[in-house]
Amino acid sequence: MSGAAGIQARWCTPSGAAAIAVLELRGAPEAIERALGVPLPDIGAMSLRALPGEDEGLLLRTAHDMLLVPPHGGPRIRQRLSEALLARGARFTHEGAVDWSACTNDPVMRRVLALLPQAASDEALPLLLAQPERWRRHGPPDPRDAGRSARLRRLIHAPTVAIVGVPNAGKSSLFNALAGRELAAASPEAGTTRDYVSARVTLAGLTCDLLDAPGLRETADPIERRASETARRATAAADLRVALAAPDQAFPDAWPDVLRVRTKIDLAPARDALGVSARTGEGLPALARTIRERLVPSGDLALDRPFDFDGPTGP
């Protein structure tokens, strides 16, 4: 119980808000080291360490007696880390914001740290933390980085992926399969989905807001028509539209730039597009990878250049 005696701990981010959470620890360095079971970095430095509760996180030493720990933001990981520290005598106080200006004199790093709690995808963490060094080495991003920057910001702010198609294309079944749970009603009866349904999902490491829109069709039903118009607006604003068609259907042509996907390939093979089966799961991993590559290409991540991570202003 005495390992973390005298340590004050507080979460600086609300539970479940993003992929990354921020935990602040204050106390004698020796007590913090005993509580975490790892050596602390030097003041002003950071290091990646295994944390109590079976997670890995960054340790950022901002002062002699202050440490910031940004582990993954999942509620269960936060709970395990909190329980481990409580068991070692730490005392948790109320949640509150971090004064990032007190953590570092580097203006780029201050902006990076302030943005970490907003990050939707885990891959945003190493990418953001690499930015101060890249900005020092290459200077601020220039116009050639604009398109890449916009795409990489999708790791921070979850992009929207809309599933569209005519009725009975299998939209709700695919939506449920990608979400990993039944959220949308799937039925052979046309018009079952009258309003769009949304869920936050992770596809091949990229966190997205997935939309299941009503089937594209003309209708005299005023309720269905209003729902369809609302869904069309949401779909038009999406970062990516995935157009579905069953083996006997034509693809919708309402939007020129779509990712075409043939559904129900357990009934007939796909010959003109990527194929999936929500019933058997065939093709789902390939679809997730394709969506992720469309939104955040691997080449953008691999390029060792700075990116404009929080808007057009420089450091």
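Which residues does Glu24 touch, not counting residues up to four places away in sequence? Gln8, Ala9, Arg10, Cys12, Met66, Leu67 and Leu68, where contact means heavy atoms within 4.5 Å.

Some ground rules. This is a predicted model, in which local features need pLDDT of at least 70, side-chain atom pairs count only at pLDDT 80 or more, and totals for chains, interfaces and linings use all residues. Residues are numbered from 1 along each chain as its sequence is written, and side-chain values use heavy atoms, with hydrogens and water left out.

Back to Glu24, in strand β2, residues 23-26. Strands here are DSSP runs of E, at least two residues, and helices are runs of H or I, at least four, numbered from the N terminus. Glu24 counts as buried because its relative accessibility is 5%; buried means under 20% relative accessible area with a 1.4 Å probe, protein chains only. Its side chain makes a polar contact of 3.2 Å with that of Arg26 (a pair of N or O atoms within 3.5 Å; within protein, one must be able to donate a hydrogen and the other to accept it, and residues adjacent in sequence count only if both atoms are side-chain atoms).

Next, helix α1, residues 29-36. Its buried residues are Pro29, Ala31, Ile32, Ala35 and Leu36. They lie on the same side of α1 because they cover an arc of only 160° around the axis, taken from the directions from the helix axis to the C-beta atoms. Their cover includes β2, β3 (46-51), β4, β5 and α2 (75-87). After α1 comes Gly37, with a positive phi near 75°.

Notes:
Buried means under 20% relative accessible area, exposed over 50%, partly exposed in between (1.4 Å probe, protein chains only).
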